[in-house]
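Hello,

Here is the structure I promised to pass along. Have a look at it first, and then read on for what turned up.

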Amino acid sequence: MSRLPVISSKRVLAPSSSENLLDMAPLQKRMRREQEPHKPQAATTIVGYKRPAAAAAARAPPYRPIRGAGAATVAAGPSRGFVRPVAASTAPKAGSSKQPAGAKPGVTGATRRKPWDLKGKVNDMEGKIRNYQTKYRSVNEENEALKDSVAQNQTKVSELEQEVKGQKRKISEYEAQLQMLSGVQNQLEETRREKNVLQKELSNLEQKYKVMETLRDSQETELQTLKMKLSVQESTMTRLQATLRDREEEISSLKETVAEQRDELHAGEMERRRLHNTIQELKGNIRVFCRVRPLEDGGLSKHIQLAASDNKSILLAKTEESHTGKTAEMQKNYHFSFDRVFGPLASQQEIFDEISLLVQSALDGYNVCCFAYGQTGSGKTYTMEGEEVDDMRGVIPRAVQQIFRAGEKLSSQGWEFSFTVSVVEIYNETLRDLLYSGKASKRPDHEIRKTASNDVTVTNLTYQKVSTEDEVLGLIALAKQNRSTAQTALNDRSSRSHSVFQLQIEGVNAGRDIKCKSTLCLVDLAGSERMVKSQSQGERFKEMTFINSSLSNLGIVITSLANKESHIPYRNSKLTYLLQNCLGGNSKTLMFVNISPELNSFGETLNSLRFASKVNDCVIGTASSNKK
């Protein structure tokens, strides 16, 4: 607690009516006493809020009756403040200076007044009154000081209460912060763990950094070396840039030369086509090749003779009994001449080399038809299809390979080709789709139709777009599985139908604004033999009848074309009706006549050669290319 000063202002105590005797003192003496200077009282230290004993004394009546009379000095009671003692200057007058008897000398006011000394008693009472007034004033002053101290303390208490409230708020805030700090402490622990991990990583990185510094030093060394090389390369590049400009000028001139050469190449390609087809026309638009199948034991037939120096003639020789009886036996020879005759030792590649130029004509825009004719077992299917071994592949797979490879070469000259494959079987004058993959019970019917552009199409037939050679070979294998075959007396697996493979070719040269369209038709005909030879009965007899009828009509159509008749009987047979665009004057036709070397097949071989010779004697008009 702080020390508070005691207010020392003077207060005048008003006399009460009960104190008449005290007020009887002369007015001058009372005024003289009041005008005496009042010394300031010492500061009183107030401890606590308990009223001091001086305050209780202040409540006492202002005076008490005093026993006896006499001038005496009344000592003030104890108080908190320092009260100046009031001297009782009540010395007796000169006239009454005698001391009472029995009084000790030198002791003032210790003796009682005489009963008659009323003035002395009054003076004593006035002294007491003044003393009590002084006490009263000091107590009032002390009371005022205590009131002020209480007010100040109450103010301080309110301030302290406000401070306590503020401290409580701070404590709540500190508690919230403490909770936050507890979370922060957990984070700190986690951060410490992360710090340890990071320190380990840092140590690893420092090691790596040292390694990288070593690498950097080596790289800087290499960089210096490379800078030296770069300077050398820059000088070389400058020299090469000058050379490059010279080469660019040469390239520009070469491009012009290439453009001119392309024009010349195109002109040369067109000239090649013209000369190529001129050669084919000189050879004849209908050509006939003869191929002799080898014997099963690998030997040579005695009744078939081939000249070593002539590859276009064949001789059949047969010994017969004389009808005149002059000689027992006589030999009869049959001479035939064709465009080419192949012996038993001729390979598949040799056969195809002879017709490859004809296949090339199909890519030039000409309709080309190639078919194999002969009796059952003479090797027609082997010639046209062959086997899967490369050396044994027949005409059809080799022709497909040539077409696609030639098309790729012509693409560099601006040509783009599209190809469509279809395979049709003519069985008993009924068309069957060999590329059909659905259920046999749901096979659709097919009819041959001619479009407005005079193209021959078959309704409900599968026309498969192809872009690679392998796709075509896959379709050929599928058609081979679906073809109708049966066992006869001449062959265990004889083809009882005509198989027609068609490859439609469409070429476009956008840069030259040229289009061409053609069809390559490769036909494997059914076996041709007489009924007595094949010993066919029932269903086989019916099949043989349709086969021989269609082959006869084929011969009739070719003869009509050669004789330039006004009406060509294409509709007499489904085979000729389907092949009419490949047999007419706007096409190139090749027939393979296949013969068997066995002696017991002499009659069928003779008939096949006679039919082929008749076809070979036909001359059809010049073919033209389908170009736009």
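Lys517 and Asp455 pair through their side chains in a salt bridge, with 3.2 Å from N to O. This pair links distant parts of the chain: Lys517 is in strand β15 (residues 514-524), while Asp455 is in the loop between β9 (448-450) and β10 (456-458), 62 residues apart. Both partners count as partly exposed, Lys517 because its relative accessibility is 38% and Asp455 because its value is 26%. Please keep in mind that this is a predicted model.

Salt bridges that share partners also join Arg113, Asp117 and Asp124 into one network. In total, the structure holds 15 salt bridges.

The side chains of Arg293 and Glu598 form a salt bridge at 2.7 Å, N to O. Arg293 sits in the loop between β1 (286-292) and β2 (304-305), and Glu598 in the loop between β16 (587-595) and α12 (602-616), so this pair ties together parts that are 305 residues apart in sequence. Glu598 is partly exposed, with a relative accessibility of 21%.

Arg216 and Glu220 meet in a salt bridge as well, at 3.8 Å from N to O. Here both residues belong to helix α3 (residues 118-283) and are four residues apart, about one turn of the helix. Arg216 is partly exposed at 42% relative accessible area, and Glu220 is partly exposed at 41%.

Gly374 is in strand β6 (residues 367-374). Is Gly374 buried or exposed? Gly374 counts as buried because its relative accessibility is 0%, and buried means under 20%. Leaving aside residues up to four places away in sequence, Gly374 touches Lys380, Ala526, Gly527, Ser528, Asn594 and Ser608.

Thr376 lies in the loop between β6 and α5 (380-384). Thr376 is buried too, with a relative accessible area of 5%.

Best wishes

How values were computed: Residues are numbered from 1 along each chain as its sequence is written. This is a predicted model: local features need pLDDT of at least 70, side-chain atom pairs count only at pLDDT 80 or more; totals for chains, interfaces and linings use all residues. Side-chain values use heavy atoms; hydrogens and water are left out. Helices (H or I, at least four residues) and strands (E, at least two) are DSSP runs, numbered from the N terminus. Buried means under 20% relative accessible area, exposed over 50%, partly exposed in between (1.4 Å probe, protein chains only). Contact means heavy atoms within 4.5 Å. A salt bridge is a side-chain nitrogen of Lys or Arg within 4 Å of a carboxyl oxygen of Asp or Glu.
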